[in-house]
Amino acid sequence: MHILVRAVLGLVVVGLTACTDRSYTPVMPEALLVGTPKTIFAATIREPEPDGSFGPGRSDNYSLLELTVSIPPSHRPGELNFAYANPDPQTQFTMANRQLLDGPNEFKARLKEEVRNLPGTEQEVTVFVHGFNSTQSETAFRAAQLAQDIQLPGATMIYSWPSQGNPLGYAYDGDSVLFARDGLERMLRQIRSAGVGRIVLVAHSMGSQLVMETLRQIEIQTPGWSAANLNGVVLMSPDLDVEVFRSQMRRIENVPQPFIVFVSSKDKLLNISSRLRGTHSSERLGNISSLDAVSGLPIRIVDTTAFSDDAASAHLVAGTSPALIAMLNAARKTADAFGKDSAQIGNLLPGRITTSNGTTEISLLNTPSEVR
């Protein structure tokens, strides 16, 4: 059984082969001659490598960086094309710059400078927390793709926790989530102390466990901090036990709004994760089958199952389905035009709305003619 599980986990990684060296990503400044630059700030507790990158090892040191990702002119919404050794900037996301910042003061100064250049309504920071099996460069590329396609507000920052970057490293990554909580809290408090507006916190997969554990410990120390400082929380395909999630939510005195959870019943990776945990209470938050599982929580569930077949990744439908990306952007533009806040965007999406004891679920429809 153990061998079978390892084999199955190895098969779920799309686009990677056993011989691929994912540890090395070259820096190519010349990529900016053809691509569109995107600044990605980063905080990490990964172990630094001799070439200036950061690997899978855990470090007691906390590093701050400024990365520049070149988005290729051929990019289409939902796609994330990149290479490790010899990227083609015309067709692939490319690392154009990697600069280690000289501590919190330089970080805050650069972040302020970046935010000052944004419209007043976008002067905030979107933080992306990656999931299982991700390298630091891959995380930066994904954050740049999401920021470009979904039009994430404000400056963009990643929290790069020490994932092994290996499809067989699930247990290591799960332990790393616990190791990484203090670093994420430190980063969130540093962003807030920079005085650059509030924070939108976006997490994917196992990163959702890290976000929830961090918010829980912040709330124990500083009750009310989350609602006062976060402009929203988005969990995408969260690989998180539902009962654990409910216990974490109980420690948040005022849940920041909007609090959105993207789910899909066709998420194969979460189905495997559920089976790894046995038959009792094995359902993951990202593939819940009933709204009853989270009833009573002040959250909004967005069911993206209808768009799974259109998505490049069934484990990140909201970020890789061109049709859903277009729908989300259209809803945001309509909300902006009529002065609606982001919490109400869900009401503009085509789908069936269900409520249960204060919890809302929107089951999205992929057929324009279908009526709510």
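Q: Is Leu64 buried or exposed?

A: This is a predicted model, in which local features need pLDDT of at least 70, side-chain atom pairs count only at pLDDT 80 or more, and totals for chains, interfaces and linings use all residues. Residues are numbered from 1 along each chain as its sequence is written, and side-chain values use heavy atoms, with hydrogens and water left out. Burial is read from relative accessible area: buried is under 20%, exposed is over 50%, and partly exposed is in between (1.4 Å probe, protein chains only). Leu64 has a relative accessible area of 4%, so this residue is buried.

Q: Where is Leu64 placed, and with which residues is Leu64 in contact, leaving aside its neighbours within four places in sequence?

A: Helices (H or I, at least four residues) and strands (E, at least two) are DSSP runs, numbered from the N terminus. Leu64 belongs to strand β2 (residues 54–71). Contact means heavy atoms within 4.5 Å. With neighbours within four places in sequence set aside, Leu64 is in contact with Ala42, Ala43, Gln99, Leu100, Leu101, Gly103, Pro104, Phe107, Met157 and Gln190. For one of these, Ala43, the C-alpha atom is separated from that of Leu64 by 4.6 Å, although the two residues are 21 apart along the chain.

Q: How is a crossing of helices read, and at roughly what angle do the axes of α2 and α5 cross?

A: Axes are lines fitted to C-alpha atoms, for helices over the stretch in contact, and angles run from 0 to 180 degrees between N-to-C directions. The axes of helix α2 (residues 103–116) and helix α5 (residues 181–193) come within 10 Å and cross at roughly 55°. Angles under 35 degrees count as roughly parallel, over 145 as roughly antiparallel, 65 to 115 as roughly perpendicular and the rest as oblique; α2 is therefore oblique to α5. As to handedness, a crossing is left-handed if the near helix is turned anticlockwise from the far one by less than a right angle, and right-handed if clockwise. The crossing of α2 and α5 is right-handed.

Q: Which residues make the contact of α2 and α5?

A: From α2 come Pro104, Phe107, Lys108 and Leu111, and from α5 come Gln190, Ile191 and Ser193. For the classes, Ala, Val, Leu, Ile, Met, Phe, Trp, Tyr, Cys and Pro count as nonpolar, Asp, Glu, Lys and Arg as charged, and the others, Gly among them, as polar. In the contact of α2 with α5, four residues are nonpolar, two polar and one charged.

Q: How do α5 and α6 cross?

A: The axes of α5 and helix α6 (residues 207–221) come within 9 Å and cross at roughly 70°, so α5 and α6 are roughly perpendicular to each other. Their crossing is right-handed. Arg181, Asp182, Leu184, Glu185, Leu188 and Arg189 of α5 make the contact with Leu210, Val211, Glu213, Thr214, Gln217, Ile218 and Gln221 of α6. By class, the contact of α5 with α6 has five nonpolar, three polar and five charged residues.

Q: What describes a pair of aromatic rings, and how many aromatic pairs does a search of the whole structure find?

A: A pair of aromatic rings is described by the distance of the centres and the angle of the planes. Rings of Phe, Tyr and Trp (its six-membered ring) pair if their centres lie within 6.5 Å; planes under 30 degrees apart count as stacked, over 60 as edge-to-face and the rest as tilted. The search finds six aromatic pairs. One of them joins Phe82 and Tyr84, edge-to-face, at 5.5 Å centre to centre and with 85° between the planes. In another, the ring centres of Phe132 and Tyr170 are 5.2 Å apart and the planes are at 70°, so this pair is edge-to-face. The latter links distant parts of the chain, 38 residues apart: Phe132 is in the loop between β4 (125–129) and α3 (136–149), and Tyr170 is in helix α4 (residues 170–179).

Q: Which residues form one aromatic cluster?

A: Phe82, Tyr84, Phe93 and Phe141 form one aromatic cluster. Within this group, Phe82 is partly exposed at 22% relative accessibility, whereas Tyr84 is buried at 12%.

Q: Where is the peptide bond that is cis?

A: The bond from Gln257 to Pro258 is cis, with omega near 0°. Pro258 lies in the loop between α8 (242–250) and β8 (259–263).
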